[in-house]
Amino acid sequence: LNKKRIEKMLPSEHKNKIFDIDYQKYFDLGYRTLFFDLDNTIADYDTHKPSYQTMTLFRKLKKQGFNIVILSNNKGKRVDKFSKALSVEAYSNLMKPLTFRLKRNIKMDQLDNSKIIWIGDQVVTDIKLASKLGIKSILVDPINMDSEKWYTTYFNRRFEKRRLNDMKKHCNTEYKALKLENR
Ligand SMILES: [Mg+2]
């Protein structure tokens, strides 16, 4: 891949956890919708309800004025549990890395892509998809990689390693500034 395409795949920030993000900063910049990936971003695959800390964060973010949507490739049941417990909307069964379902949801909800922040743990699905749709993204570290399905480990994480290496090679300044070597 050439430098331009790699640059497009860079997240705007890289944080360890969703709790480390300065959400107020983004609100002040005009962002109004937060897309949260579910698996390994909000909770690992073995956890079936949000933690107390997550409940508190989401309550605070809604109070701040954010509209929140949970995104997942998982089917309804798991995602519904989280969206109910956190009282936020969810887009499930998204078929990432395809974009048509997500695009349809965005259109139905009349969201403005330039006012969305997408928070996720995967470079090759979350960050890449966000960039494809012109959505700003923040990369977080996966909560527990051991809980992942074998195909995530095998395909996505392997591609991710390659992309991270490309970033290191072609966009070294950004790579260092984003502390991507810590991943
Ligand atoms: Mg994930």
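## Terms and model

A salt bridge here is a side-chain nitrogen of Lys or Arg within 4 Å of a carboxyl oxygen of Asp or Glu. By that criterion, Asp121, Asp141, Arg157, Glu160 and Arg183 are linked in a network of salt bridges.

This is a predicted model, in which local features need pLDDT of at least 70 and side-chain atom pairs count only at pLDDT 80 or more, while totals for chains, interfaces and linings use all residues. Residues are numbered from 1 along each chain as its sequence is written, and side-chain values use heavy atoms, with hydrogens and water left out.

## Overall fold

The protein has eight helices and six strands. Helices (H or I, at least four residues) and strands (E, at least two) are DSSP runs, numbered from the N terminus. From that end the elements run α-β-α-β-α-β-α-β-α-β-α-β-α-α. The radius of gyration is 16 Å, close to the 16 Å that the globule rule gives for 183 residues, so the protein is as compact as a globular protein of that length. That radius is taken over C-alpha atoms, and the rule is 2.2 Å times the number of residues to the power 0.38. Along its principal axes the C-alpha trace spans about 40 × 40 × 30 Å.

Buried residues make up 47% of the 183. Buried means under 20% relative accessible area, exposed means over 50%, and partly exposed lies in between (1.4 Å probe, protein chains only). Contacts (heavy atoms within 4.5 Å) are counted here at a separation of 6 or more, and residues 24 or more positions apart account for 66% of them. The protein exposes about 10,100 Å², with carbon and sulfur atoms supplying 51% of it. Accessible areas come from the Shrake-Rupley method with a 1.4 Å probe; for residues, only the protein chains shown count as cover.

## Magnesium site

Asp37 (OD), Asp39 (O) and Asp121 (OD) coordinate the magnesium ion, at 2.1 to 2.2 Å. Asp37 sits in strand β2 and Asp121 in the loop between β5 and α6, so this pair links distant parts of the chain, 84 residues apart. Donors are N, O and S atoms within 2.8 Å of the metal (3.2 Å for Na, K and Ca); water is not among the atoms, so sites may look incomplete.

In sequence the donor residues are spaced D-x1-D-x81-D. Asp37 and Asp121 are buried.

## Salt-bridge network

The structure holds eight salt bridges. One of them joins the side chains of Asp121 and Arg157 (2.6 Å, N to O). This pair links distant parts of the chain: Asp121 is in the loop between β5 and α6, Arg157 in helix α7, 36 residues apart. Both are buried.

An α-helix has 3.6 residues a turn, so residues three or four places apart point the same way. Glu160, like Arg157, is buried.

Arg183 forms a salt bridge with Asp141, the closest N and O atoms being 3.3 Å apart. Here too the pair links distant parts of the chain, 42 residues apart: Arg183 is in the segment after α8 (172–177), Asp141 in the loop between β6 and α7. Arg183 is partly exposed, at 26% relative accessible area. Asp141 is buried, at 15%.

## Helix α6

Helix α6 (residues 123–132) is mostly covered, with seven of its 10 residues buried. These are Val123, Val124, Thr125, Asp126, Ile127, Leu129 and Ala130. They pack against β2 (33–37), β5 (116–120), β6 (136–140) and α7. Just after α6, Gly134 takes a positive phi of about 70°.

## Helix α7 and its surface

Arg162 is found in helix α7. Its relative accessible area is 46%, so Arg162 counts as partly exposed.

Tyr151 is partly exposed, at 43% relative accessible area. With Trp150, Tyr154, Phe155 and Phe159, Tyr151 makes a nonpolar surface patch of about 590 Å². Patches are made of residues with over 30% relative accessible area and no salt bridge; like charges are joined within 9 Å, nonpolar side chains (Val, Leu, Ile, Met, Phe, Trp, Tyr) within 5 Å.
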